[in-house]
Amino acid sequence: MKFVPYPYQQYCIDSIIYNRAVGLFLDMGLGKTVITLTAIHDLRYNRWEVSKPLIIAPKKVAEATWTTEAKKWEHLKMMRVVPVLGTAQQRIRALATPADVYVVNRENVQWLVEHFKNAWPFDMVVLDESSSFKNSQSKRFKSLKLVRSRIKRIVELTGTPSSNGLEDLWAQIYLLDGGARLGKTLGAYRDKYFVPGRRNRTTIFNYSPKDGSFEMIKQAISDICISMKAADYLTLPDMLVNNVPVALDAAAAKAYSQLETELLLQVDEDMITAGSAGVLTGKLLQLCNGAIYSENKTAVKVHDCKIDAFLELIEQHALVFYNFQHDRDRLVEALAKYDLRVRVYSQAKDEQDWNNGEIDILLAHPASCGYGLNLQRGGHHAIWFGLTWSLEQYEQANKRLHRQGQEHPVIIHHLIVQGGMDEQVVEALENKGDMQNALMDALRVRISKLRS
């Protein structure tokens, strides 16, 4: 296929070529992959400015997306893209293989840095979904920080740079400029742009932006980051959201009410922490879906109310997002009774088969297929059997269908248990707020109702 870049794509290609550090905060579907590979091709073969580029990506994207994209375009088909995946021995063999571009999954960044130590060979690094480096305490951030001075060029790609708030930006921008724009430390960044939010005597649980912080931060990084929305450059079909209410039967409603009361009132004896909040909402969301893990990690079925609603909704060629493994297992079991070609996404071939119309129902976890996959040619219905608190995962997952090349309006179905924790998750996603704050607020509201 011949690549004729749109003007905005050429602008981004030039930005990579003429800047040693750049953040491309591009909406999903604008072609970040082909933009980046085209720039690398030019830098490597026409300008001789890079010799060994490295792409760091989510695992599923590292496995297939970059190699598939290189083979797709006429001007890139001779590029040798080598995934550095698998066991340690397989990764070492891959690194010894001659290539134009190496691709490693982000979980192996620490291993890669430790493997090369002072002999770090990659003069250009691309962070595909740079938001995965937003935590300055993570091992992947600290490892990359150690070798940052040896990297001559760095490119950050993401459509969701600050899905959980402006704090997410500091670590990403630090990897671009070493702290020149937003401060040398996270503490300095917080002091300048934020005020402490909820806290106790010893711990600050969150920070709130000062008035005007958004504009100041945007101005500070405007010379090093490019932000584009798909709606400004592409004419995409509409994306419609369909909230499907699910009513629990009497037995299921009683079980849910009992679990909610016992868990929430028990935790209220102490202050709710992020850890306890996650456990609580996880159990309540499990029960909304119809099963719950016992103490010995086995799934205990409670009801089929959401399964029944799902089966009434199901259409051919639907992408179905599940939350827990027992959701997946029960969905597979329920769908086995129908004459449908059902598959759980696990490898690159599943993407190809879906787009070729060889799969009717593709089950996927948003964390495993929410990035980089092009699924727009296989269908236009997505069903959220189990919702996620993560706005980033939610938006990225929906964009697997709602992207360039989609020919039909995309319909996003939410299965929502009435009166259950599902409703709080939908509200948090609609408000596009900080998921941790939304989660904590939801629990406080429910505790107040139970005590009244």
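In the predicted model, L26 stands opposite M228 in strand β9, and 4 bridges join strand β1 (residues 21-26) to β9 in a parallel arrangement, where strands count as paired if DSSP finds at least two bridges between them. Helices (H or I, at least four residues) and strands (E, at least two) are DSSP runs numbered from the N terminus. Residues are numbered from 1 along each chain as its sequence is written. Because the model is predicted, local features need pLDDT of at least 70 and side-chain atom pairs count only at pLDDT 80 or more, whereas totals for chains, interfaces and linings use all residues, and side-chain values use heavy atoms, with hydrogens and water left out.

Strands β1 and β9 belong to an open sheet of 7 strands, ordered β3-β4-β2-β5-β6-β1-β9, in which the pairing is parallel. The edges are formed by β3 (81-84) and β9 (225-228), each of which has a single partner strand, so that one side of each is left without a neighbour in the sheet. On average, and with direction ignored, neighbouring strands of this sheet are turned by 15° against each other. Helix α4 (residues 88-95) lies across β3 and β4 (101-105) and runs at about 155° to β3; axes here are lines fitted to C-alpha atoms, for helices over the stretch in contact, and angles run from 0 to 180 degrees between N-to-C directions.

In helix α5 (residues 109-116), the buried residues are V109, W111, L112, V113 and F116, buried meaning under 20% relative accessible area with a 1.4 Å probe and protein chains only. The elements that cover these residues include β2 (53-57), α4, β4 and α6 (139-147), with contact taken as heavy atoms within 4.5 Å. R91 lies over the face of W111, at 4.3 Å from the ring centre; a charge sits over a ring if NZ of Lys or CZ of Arg is within 6 Å of the ring centre and within 35 degrees of the ring normal. The helix α5 is followed by K117, which has a positive phi near 50°.

One aromatic cluster is formed by Y102, F116, W120 and F122. Within the structure there are 14 aromatic pairs, defined for rings of Phe, Tyr and Trp (its six-membered ring) by centres within 6.5 Å, with planes under 30 degrees apart counted as stacked, over 60 as edge-to-face and the rest as tilted. W120 and F122 form an edge-to-face pair, with 5.2 Å from centre to centre and 70° between the planes. W120 counts as buried at 7% relative accessibility, and F122 is buried with a relative accessible area of 0%.

When neighbours within four places in sequence are left aside, V320 is in contact with F310, I314, L331, I361, L362, L363, A364, I383 and F385. The charged end of K306 sits over the ring of F385, 5.6 Å from its centre.

Strand β17 (residues 410-417) is mostly covered, with 7 of its 8 residues buried. Strand β10 (residues 239-246) runs parallel to β17 and is joined to it by 8 bridges, with P245 opposite I416. Strand β16 (residues 381-384) also pairs with β17 in the parallel sense, over 4 bridges, and here A382 stands opposite I412.

Terms used
Buried means under 20% relative accessible area, exposed over 50%, partly exposed in between (1.4 Å probe, protein chains only).
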